[in-house]
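Student: I have a model open and a few things to ask about it. Can we go through them?
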Amino acid sequence: MDQWKFTPFLHTALKNLFSRPDTVAYPFKPAVYPDRMRGHVVIQIEDCISCGLCARSCPPGALRVDRAAGTWTISRFDCVQCGSCVNACPKKCLAIVPGYTTPDGEKHTETFTRPPKPDAAPAQPKPAAAPAQPKPAAAPEQAQ
Amino acid sequence: MAKQSIVPFGPQHPVLPEPVHLDLVLEDETVVKAVPSIGFVHRGLEKLVELKDFKQYVYIAERVCGICSFGHGLGYCQCVEDIMGVEAPRRAAYLRTIWMEMSRVHSHLLWLGLLADALGFESLFMQSWRLREKILDMFDLTTGGRIIFSVNCIGGVLKDMDSGMLVQISRTVDEIERELRPVADTFLRDVTVGSRLNGLGVLSAEDAKGMGAVGPMLRASGVPYDSRLTGYAAYGDLSVEPITATAGDSMARCEVRIREIYQSFRLIREAIAKIPQGDIAVPVKGNPNGESFMRIEQPRGEAIYYVKANGTKFLDRFRLRTPTTSNIPPMLDLLRGCQLADVALLILTIDPCISCTER
Ligand code: SF4
Ligand code: SF4
């Protein structure tokens, strides 16, 4: 190097001393996510036709679809938010939305059950491992 | 002859976040030999091609490494596209190039931070990573992830960037370029930084070539080789010049990486200016049958991807040779004769990624 300096960083360091922090004061201020942020998967269960393509495309195998019972089950711990299921769904009833699900100490699944159609009422769904969610596209905090 | 002693180094070490283990044979404070052993973070990702179909595997390929994740997805997709005779649309190629160069900026800034941390220069470390956050925000904006992007697919990309995003990226690039200047100046001109890096671990051009060094490690020894020159994605349309230095020491490796950040800024701007309109993916039908080999320039150096398919949806073989794998032999050569206190710094200057290496 041609010329050496003793304090090239001094200006930056002094400026830094009197500037505001660069980080967000979460949780006192809300975290801001961009629209595309891959937070968690939601389902519009009324539109689901139980084809099972989402479950087959899911790399970690986080999804289970039961055609007879009309249920769609996701293991939130296994899901890696890749978006493969969203692209595979023919009915476009899956979406990845911003915001993380609440952290948990144990593995749990969430099951969504399709409401019976007025014309062709399917058999009563079997009781699933986790309580069925009446409002499928609810916010993660409520869905847990 | 002085008494020899063996000091184990790693896999957990305060300076290196990477789980590399070396047995250092010392004579007093001088290293006479370094014996590496790897395998602490082996995850068997290559073997997973037998269990996950070739479309699912894109998401696994990008999880080989957190820093080069975009490149791994890209290398794998290009291999499969090559086998299936599919060509990604030009817009997709440009988007891939922009993301790839953003990855390079993010990787090199990360490395600069780690280097500053190894030198004990904490505020320089914080400044480097502060700048890196800005690029990560751009990744978050365009792909929805900061580290794992999940935007590559066989036949193109899954997400487009609208003009607002492109403008925002170029604005961020301008901002980082401005703010990087004092940081880069500190790395290249500060007396204390220079006293640690100058003349440390000199690798000659012959040794670099002979031992198969890749990436900034090779170019810092004066060999103008860069696999972006092969023109994959949209690199053929852009003006890529290998960045080289002559000294071959740790400072040269640092300098090459800093200049590559500026080069990436230029390439991002050029790609944004030239990006064509059009589709971002072509539909892919059927299963791949055949084999393919690709090389791409990851931030750490040249990575090689090999895919062998058999006509079913499960591949026969996926092989990945990561840059760190090729940089380990020259690194061992550099360690010979150095002082114990410099070992961590020397390992760092190859920008090791052990989790890539062990997959
Ligand atoms: S986002 Fe990916 S991991 Fe999660 S359920 Fe969908 S396919 Fe499975
Ligand atoms: S792919 Fe869509 S429609 Fe088919 S089971 Fe999954 S969510 Fe339902």
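Student: How many residues of H3(B) are buried?
Tutor: In H3(B), 28 of the 30 residues are buried, where buried means under 20% relative accessible area, exposed over 50% and partly exposed in between, with a 1.4 Å probe and protein chains only. Helices are DSSP runs of H or I of at least four residues, numbered from the N terminus. This is a predicted model, where local features need pLDDT of at least 70, side-chain atom pairs count only at pLDDT 80 or more, and totals for chains, interfaces and linings use all residues. Residues are numbered from 1 along each chain as its sequence is written, chains are lettered from A and ligands numbered from 1 in the order in which they are written, and side-chain values use heavy atoms, leaving out hydrogens and water.

Student: What follows H3(B)?
Tutor: B:Gly120, with a positive phi near 85°.

Student: Is B:Cys77 buried or exposed?
Tutor: B:Cys77 is buried, at a relative accessible area of 0%. A:Cys48 is buried too, at 10%.

Student: And where does B:Ala213 lie?
Tutor: In the chain B loop between helix H7 (205-210) and helix H8 (216-219). B:Ala213 is buried, with a relative accessible area of 5%.

Student: Which residues does B:Ala213 touch?
Tutor: Leaving out residues up to four places away in sequence, its contacts include B:Leu203, B:Ser326 and B:Pro330; contact means heavy atoms within 4.5 Å.

Key:
Helix = DSSP H or I, 4+ residues; strand = E, 2+ residues; numbered from the N terminus.
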